Amino acid sequence: MKIDILTLFPEHVNALLHESILGRACKKGILDINCVQIRDYTENRQNQVDDYPYGGGFGCVMMAQPLKACLDAAVQAAGKRRRRVIYLSPQGKPFNQETARRLQREYDHLVLVCGHYEGVDERFLEACVDEEISLGDFVLTGGELAAMAVTDAVCRLVPGVLSDPQCYIGESHWDGLLEYPQYTRPEVWEGRAVPEVLLNGDHQKVEHWRRFQQLERTRERRPDLYRAFQPKTKEDSALIMELERRSGRVRLTEPLSYRPATEADLPRILEIRETARESLARYGVDQWQGPYPAEEDFRKDLKRGESFVVLHGSETAAFFTLSTRPEPEYDAIRDGKWSDIPEACILHRAAAAREYRGSGIAGAIIRFAGQQTLLWGRRCIRADTHRKNKPTQNMLRENGFRYRGNITISSEPGHDPERLCFEKILKKPGQDTGSIPGIVPKRKEEPEKERES
Ligand SMILES: C[S@@+](CC[C@H](N)C(=O)[O-])C[C@H]1O[C@@H](n2cnc3c(N)ncnc32)[C@H](O)[C@@H]1O
């Protein structure tokens with residue numbers, strides 16, 4: 001790998017990059033890092049490299065001519081190579097490990113242009129630069145520190161620079177995670193002991209512990225990276241589930257599956273109903289705060305084949321009812337109206353276990369309910385929710401439901417009977433959505449008098 005750094009301060013840059021690991025790799029001929037003085041390529045007698053900005057303003061701007069001449073000389077000396085000309089700039093794309101890997105993989109000559117003062121004449125950038133890289137969202141006085149960081153991060157990936165690729169494989173940012181904590185001798189330092197698992201010589205346990213630490217650390221310190229991380233192995237998926245379970249939240253690491261609920265599901269359904277009841281109370285919503293929905297309601301749902309459970313692995317994560325029976329209270333809609341689609345499915349009595357809330361499970365339920373509704377030959381889903389239940393209202397809107405109007409339900413005395421009605425029109429009637437075990441097409445059924453939302 002050849003790197004030319006075009007700078008006004010070659011001595012500073014050279015001093016650092018020719019020390020230690022990179023210095024040794026240069027001596028071995030694996031790397032060729034070269035700093036070029038831009039001032040040597042000026043065409044004026046004062047060796048001036050900068051001038052006042054057109055249009056006025058503070059400071060000076062580096063002129064295009066010396067930069068271009070310096071770049072041409074570097075290119076000519078290097079000959080034909082896979083080359084990339086990079087300007088270090090606070091306006092560039094933020095530098096990261098992925099960029100370092102790409103530059104090492106795709107090029108064998110990097111020309112790093114360091115600006116100074118107020119920056120560089122834009123015409124040089126337009127004409128000569130392939131990409132702009134930033135060290136971060138802050139402003140340095142010159143591009144040298146950024147050029148050194150890029151050089152260091154790229155060069156340590158060049159084969160032969162580090163003693164073994166294992167030195168960088170698995171480090172922070174290698175696969176989107178931070179590294180696990182590291183320890184060295186002594187075993188106890190100032191009363192702090194090395195974790196037991198690292199001392200017992202069981203490599204499998206050490207690997208398991210380290211991976212768990214990587215995930216936990218990344219989750220705590222860099223939630224952005226953690227959210228973006230997609231597990232590629234069963235082991236990672238299991239560790240994420242374990243981590244989320246310990247922290248009281250679950251991340252959907254495997255596809256959800258759905259099936260009609262059975263009697264055996266009732267205890268879990270009632271358990272989830274209790275946690276939903278508690279969180280509604282916490283939001284100040286008096287929905288589900290009386291006996292409704294009672295065990296009897298769920299029992300009826302499941303006898304009609306309208307009650308479903310959502311499984312994550314082997315765990316029941318949520319339940320919901322999808323009904324083809326008309327809802328008489330929906331006929332009295334006010335402040336708006338339903339679409340003129342004659343038959344709809346109604347989604348109600350739905351809740352997810354506490355640890356699954358915010359995991360995207362609600363959207364998944366709605367997608368499934370849409371497929372099921374089409375399978376039952378209907379084209380829209382209707383739902384209603386308490387007027388104070390903002391999380392559910394937002395979730396419905398985010399998942400394609402439209403507000404249609406209000407209804408007043410026959411709720412328990414003292415409970416707010418106002419409900420907001422929502423409707424989602426399904427776009428692909430007749431689409432083959434596959435069959436679900438135990439679910440058969442339904443016929444039109446008569447309404448039944450019972451409910452509280
Ligand atoms: C003072 S800065 C110029 C900043 C410029 N006026 C602006 O606001 O975008 C001078 C030089 O430092 C370098 N520099 C400053 N901040 C940087 C960063 N975050 N990443 C990479 N290079 C940076 C660039 O080469 C730039 O030309």
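Biologist: Start with strand 16. Is it mostly covered or mostly open?
Modeller: Strand 16 is mostly covered, with six of its eight residues buried. Buried means that 20 or more other C-beta atoms lie within 10 Å of the residue's own; exposed means 12 or fewer, and partly exposed is in between, with C-beta atoms placed from the backbone.

Biologist: What kind of model is this?
Modeller: This is a predicted model: local features need pLDDT of at least 70, side-chain atom pairs count only at pLDDT 80 or more, and totals for chains, interfaces and linings use all residues. Residues are numbered from 1 along each chain as its sequence is written.

Biologist: And how are strands and helices numbered?
Modeller: From the N terminus, as DSSP runs: helices are H or I with at least four residues, strands are E with at least two.

Biologist: Back to strand 16. How does it pair with strand 15?
Modeller: Strand 15 and strand 16 (residues 418–425) pair in the antiparallel sense over six bridges. Two strands count as paired if DSSP finds at least two bridges between them.

Biologist: Which residue is the bridge partner of threonine 408?
Modeller: Glutamate 418, in strand 16. Also in strand 16, phenylalanine 422 stands opposite tyrosine 403.

Biologist: How many bridges link strand 14 and strand 16?
Modeller: Seven, and the pairing of strand 14 (residues 380–386) with strand 16 is antiparallel.

Biologist: What holds paired strands together, in general?
Modeller: Strands of a sheet pair through backbone hydrogen bonds, either parallel or antiparallel.

Biologist: What is the strand order in the open sheet?
Modeller: The order is 10-11-12-13-14-16-15, seven strands with mixed pairing. Strand 10 (256–260) and strand 15 (402–408) are at the edges; each has a single partner strand, so one side of each lacks a neighbour in the sheet. From one strand to the next, the twist averages 30°.

Biologist: Which strands does helix 10 touch?
Modeller: Helix 10 (residues 266–282) packs on the sheet and touches strand 12 (315–323) and strand 13 (344–352). The directions of helix 10 and strand 12 make about 85°. Contact means C-beta atoms, placed from the backbone, within 7 Å. Axes are lines fitted to C-alpha atoms, for helices over the stretch in contact, and angles run from 0 to 180 degrees between N-to-C directions.

Biologist: Where does helix 11 lie?
Modeller: Helix 11 (residues 295–303) lies across strand 11 (307–312), strand 12 and strand 13, at about 90° to strand 11.

Biologist: New topic. How many residues surround the ligand?
Modeller: 20, and the closest are Leu88, Pro90, Gly115, Gly143 and Ala146. A residue is near a molecule or strand if its C-beta atom, placed from the backbone, lies within 6 Å of it.

Biologist: Which strand gives the most to that shell?
Modeller: Strand 5 (residues 83–94), with four residues.

Biologist: And what classes of residue make up the shell?
Modeller: Nine are nonpolar, 10 polar and one charged. Ala, Val, Leu, Ile, Met, Phe, Trp, Tyr, Cys and Pro count as nonpolar; Asp, Glu, Lys and Arg as charged; the others, Gly among them, as polar.

Biologist: What about domains in the protein chain?
Modeller: The assignment gives domain 1 (2–167), domain 2 (188–246) and domain 3 (256–425). Such bounds come from an automatic or database domain assignment. The centres of domain 1 and domain 2, taken over C-alpha atoms, are separated by 37 Å.

Biologist: Is tyrosine 226 buried or exposed?
Modeller: Tyrosine 226 counts as buried because it has 20 C-beta neighbours inside 10 Å. It sits in helix 8 (residues 223–228). Leaving out residues up to four places away in sequence, tyrosine 226 touches Thr218 and Arg219.

Biologist: Where are the cis peptide bonds you found?
Modeller: One joins arginine 185 and proline 186, with omega about 5°. Another joins tyrosine 292 and proline 293, with omega about -5°. Proline 293 is in the loop between helix 10 and helix 11.

Biologist: Last one. What is the phi of glutamate 190?
Modeller: Positive, about 45°, although glutamate 190 is not a glycine. Glutamate 190 is in the loop between strand 8 and strand 9 (192–193). It counts as exposed because it has 5 C-beta neighbours inside 10 Å.

Note on methods. Contact = placed C-beta atoms within 7 Å.
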